[in-house]
Amino acid sequence: MSILKWFRRKPEALVIQDELGTFLLEHPQSDRFYEGTVPWPPEEALVDLEIDGGEPPAADAALAHLCGIMAEAGEWDRRLRAYAADEMAGGDGWIETWEDEDSGGSRRTREEFICRLSIGFIRVHRDGTLFFYYDLDGMFTDHGLGIHANISGEIFSYEICG
């Protein structure tokens, strides 16, 4: 092998193997997040863990935050869904969706809305900030729901993404 081929070699992916799952940093020289999946009852969630830096890049802080979230995943999910429903509901308690724009939209109860959400992914930053992305089951065409929070349990804001 020539020396040029050695320098051009693609660095091997880095792997974190944890009790929560396997997380992969596909391109260590350019990626900023390890990626993997975790069980998020009743489904699975994709997870991005921000790297701490170092050589080789680690994600110790984000992984520790994820462990804290997963210890109370059911409670986190319940609170996030309730927050979104409360924020999106009008004064009459109904949530206006975009499902049927031709006839002026559809109305969903808080409970109907909550039941139709499904987790898509969780992004965990090393500083403890979190981003949860939920699929909206077509209630807002092809848009999703992003919720910003932190590891202390504070939920800051939501946004329709898409």
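This is a predicted model: local features need pLDDT of at least 70, side-chain atom pairs count only at pLDDT 80 or more; totals for chains, interfaces and linings use all residues.
## Ground rules

Local features need pLDDT of at least 70, side-chain atom pairs count only at pLDDT 80 or more, and totals for chains, interfaces and linings use all residues. Residues are numbered from 1 along each chain as its sequence is written, and side-chain values use heavy atoms, with hydrogens and water left out.

## The strands

Strands here are DSSP E runs of at least two residues, numbered from the N terminus, and two of them pair if DSSP finds at least two bridges between them. S4 (residues 43-50) runs parallel to S7 (residues 118-124), with four bridges; Val-47 sits opposite Ile-122 there.

S7 also pairs with S8 (residues 129-135), this time antiparallel and over six bridges.

## Glu-50

Glu-50, in S4, is buried at 8% relative accessible area (buried is under 20%, exposed over 50%, partly exposed in between, with a 1.4 Å probe and protein chains only). Its side chain makes a polar contact with that of Arg-32 at 3.2 Å. Such a contact is an N or O pair within 3.5 Å; within protein, one atom must be able to donate a hydrogen and the other to accept it, and residues adjacent in sequence count only if both atoms are side-chain atoms.

## Arg-123

Over in S7, Arg-123 is partly exposed, at 28%. Arg-123 stands opposite Phe-131 in S8, and its side chain makes a polar contact with the Asp-48 side chain at 2.7 Å.
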